[in-house]
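Welcome! Let's take a guided walk through a protein fold, starting with its sheet and ending with its aromatic rings. Keep the picture open beside you as you read.

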Amino acid sequence: MAAAHDVFDPIAQRHLADDGIDMGRMFGTEGLRVRGKVYAFVGHDGDLIVKVPAERVVELTASGAASPLVMRERELREWVTVGTAAGAQRWADLVDEARAFVDRITP
């Protein structure tokens, strides 16, 4: 978990420097939010979890870059999980992508 936060926290700090971005609770952990909607956080197992369009979930999982997020035996349509092995730049890119998506769909 510490290794995950070593990667995620600098990304979060960069996002938090922007207006309209803050931290809030989701799935029992703190995550980045835009206008109150969470778009990225570190899960309890130390993986990055991001919200992206459903078609992007299909692309990421098909390529092996991510896995669909499963909660209570149910696959969440717009959420993926990415391990630390993906690297800091990959995490940063996905967090940026998630922010753009949630910003676009949130009134």
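The model you see here is predicted. In it, 6 strands make up an open sheet, arranged in the order β1-β2-β3-β4-β6-β5 with antiparallel pairing.

**Strand by strand**

Now look at some of the pairings. Strands β2 and β3 run antiparallel and are joined by 4 bridges; here Val 34 stands opposite Lys 37 of β3. Strand β4, residues 48-51, pairs in the antiparallel sense with β6, residues 74-82, again over 4 bridges. Within this pairing, Leu 48 has Val 82 of β6 as its bridge partner. On to β5, residues 67-71, which is antiparallel to β6 and linked to it by 4 bridges. There, Met 71 sits opposite Arg 74 of β6. The hairpin of β5 and β6 has 2 residues between the strands, and Arg 72 takes a positive phi near 50° in this hairpin.

Helix α2 touches β5 and β6, and its direction makes about 55° with that of β6. Helix α3 packs on the sheet too, touching β1, β2, β3, β4 and β6, with its direction at about 30° to that of β4.

Which residues of α2 are buried? In this helix, residues 54-63, they are Ala 54, Val 57 and Leu 60. Seen down the helix axis, these buried residues fall within an arc of 115°, so they line one face of α2. On the other side, Glu 55, Val 58, Ala 62 and Ser 63 are exposed. The cover over the buried residues includes β6 and α3 (88-105). After α2 comes Gly 64, with a positive phi near 85°.

Setting aside neighbours within four places in sequence, Val 57 is in contact with Val 52, Arg 77, Glu 78, Trp 79 and Val 80. The C-alpha atoms of Val 57 and Thr 81 are 9.7 Å apart, and these two residues are separated by 24 residues along the chain.

**The nonpolar cores**

What lies inside? The largest nonpolar core holds 26 residues, and those touching the most other members are Phe 8, Tyr 39, Leu 48, Val 50, Val 80, Trp 91 and Val 95. Two or more residues each come from α1 (2-16), β2 (29-34), β3 (37-42), β4, α2, β6 and α3. How many residues does α3 give to this core? It provides 7, the largest share. Take Val 95 as an example: not counting residues up to four places away in sequence, Val 95 touches Phe 8, Ile 11, His 15, Leu 32, Tyr 39, Ala 40, Leu 48 and Val 50. Another core lies apart from the largest one; it has 6 residues, including Phe 41, Ile 49, Leu 69 and Leu 76.

**Aromatic pairs**

To finish, look for the rings.

| Pair | Distance between ring centres | Angle between planes | Kind |
|---|---|---|---|
| Phe 27 and Phe 41 | 5.7 Å | 50° | tilted |
| Phe 41 and Trp 79 | 5.9 Å | 55° | tilted |

Phe 27 is in the loop between β1 (21-26) and β2, while Phe 41 is in strand β3, 14 residues apart, so that pair links distant parts of the chain. Trp 79 belongs to strand β6, so its pair with Phe 41 ties together parts that are 38 residues apart in sequence.

Are these residues buried or exposed? Phe 41 and Trp 79 are both buried, with Phe 41 at 2% relative accessibility. Phe 27 is partly exposed, with a relative accessible area of 34%. Together, Phe 27, Phe 41 and Trp 79 form one aromatic cluster.

Note on methods. Residues numbered from 1 in each chain as written. Predicted model: local features only at pLDDT ≥ 70, side-chain atom pairs only at ≥ 80, totals over all residues. Heavy atoms only, no water. Pairing = 2+ DSSP bridges. Buried < 20%, exposed > 50% of the residue type's maximum accessible area, 1.4 Å probe, protein only. Arc of directions from axis to C-beta. Contact = heavy atoms within 4.5 Å. Core = buried A, V, L, I, M, F, W, Y, C linked by side-chain atoms within 4.5 Å. Phe/Tyr/Trp six-rings, centres within 6.5 Å; stacked < 30°, edge-to-face > 60°. Axes fitted to C-alpha atoms, helices over the stretch in contact; angles between N-to-C directions.
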